[in-house]
Amino acid sequence: MYVSVLQSRRFSFNAGFEGRFSLRQVNMADDDENDDQEEQLHFQRVIGSFVGYESVTMADVERTRRALARLTPSARRLLPAQSLDTKVAALQRAAQANARFLRDVVDNQGSFGPPPLSGSRPRDAAHRKVRSTLHSVVRDWSREGEAERRQSYDPLLAELKRLVLPVERGARARVLVPGAGLARLVLEVAVAGYASQGNEFSYHMLLCSNFFLNMGLPVESIPIYPFIDQPSNVRVASDRCRVVRVPDICPSDLLVQRDGEPPLDFSMAAGELLEVYDGQDEQWDAVVTCFFVDTAPVAVDYVDAIFRLLKPGRP
């Protein structure tokens, strides 16, 4: 299976499942050269935040080491022997493992994103987004995130199945999943038998979903340490270095074409909902979304767009 994911504002990605995913890049109307350059700069900052994760995180670990080194001898005697050195070494190993995963994501981006543009440096917000993306990886692509997925996604899937049949009149019902994030909900809608299309704006999310959907990764083959940036609200120091193995499943193992059924249809569209789906009124049988509407600058705009996209009489 192969999935390519593209840009989050002015390039649209579509992929149709035929054992592989193919890429079609579409420049959206009314773009100008300055907009394209801004988008290229933004994308390169995102790439830079992935590649620069290790140096930024190691700087944080070094600050921890210096703070521990300033402890008085009497304070150090209160702690287990060599516990401070062990803590710093564990944080360093965890940061290196996360960095390997993020470099793999970048190295396997394929044709994802706009053309490269030099001269951009990641901003602090981009580095923070890398850390939050690692947390999202736990929710969507690990056994540890199973309980949260079932609490969040199962009610949506159950309501979808109640309201819309997967196949009607020989065709799969078309379901849009805006705010697709790391694409797990999009995948589960497709596995339920629908023509499922995800829509996502964030390059950080798109890069990682591209990686998980494309690479055919063995189950639990990648160790990550997503909590090393959280020194607060932990019971013991070792909780920060707790390993989570991903992915919990291989997507291609779940998408199986059954005899007599219409072709599988699983796709992604990268971009802002209001732009990407402009002109697609009344073309979707259902819209399923989670962790999304509250991200809108004006939530009513998203709600209005969702109702416009739905076919008359659809949920």
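Trainee: How many aromatic pairs does the rule give here?
Mentor: A pair of aromatic rings is described by the distance of the centres and the angle of the planes. Rings of Phe, Tyr and Trp (its six-membered ring) pair if their centres lie within 6.5 Å, and planes under 30 degrees apart count as stacked, over 60 as edge-to-face and the rest as tilted; by this rule the count comes to 7 aromatic pairs. In one of them, the ring centres of Phe43 and Tyr203 are 4.8 Å apart with the planes at 70°, so this pair is edge-to-face. It joins distant parts of the chain, since Phe43 belongs to helix α1 (residues 33-51) and Tyr203 to helix α8 (residues 203-214), 160 residues apart; helices (H or I, at least four residues) and strands (E, at least two) are DSSP runs, numbered from the N terminus.
The model is predicted, with local features needing pLDDT of at least 70 and side-chain atom pairs counting only at pLDDT 80 or more, while totals for chains, interfaces and linings use all residues. Residues are numbered from 1 along each chain as its sequence is written, and side-chain values use heavy atoms, with hydrogens and water left out.

Trainee: Are Phe43 and Tyr203 buried or exposed?
Mentor: Both Phe43 and Tyr203 are buried, where buried means under 20% relative accessible area, exposed over 50%, and partly exposed in between (1.4 Å probe, protein chains only). Phe292 and Tyr302, by contrast in geometry, form a stacked pair, 4.6 Å centre to centre with 5° between the planes. Phe292 counts as buried because its relative accessibility is 9%, and Tyr302 does so at 7%.

Trainee: Which residues lie closest to the centre of the largest pocket?
Mentor: Rolling a probe the size of a water molecule over the atoms shows where empty space is left. On a 1 Å grid over the protein atoms alone, a pocket is an open set of points with protein on both sides within 12 Å along at least five of seven lines, and lining residues have an atom within 4 Å of a point. Grid points are joined across faces, edges and corners, and a volume is the space filled by probe spheres set on the points. The largest pocket holds about 430 Å³ of space, and of its 24 lining residues, Gly179, Glu200, Phe291, Phe292 and Thr295 are the closest to its centre.

Trainee: Which element gives the most to the lining of the largest pocket?
Mentor: That is α5, with 4 residues.

Note on methods: 1 Å grid on protein atoms, 1.4 Å probe; cavity = no way out; pocket = protein on both sides within 12 Å on 5 of 7 lines; lining within 4 Å.
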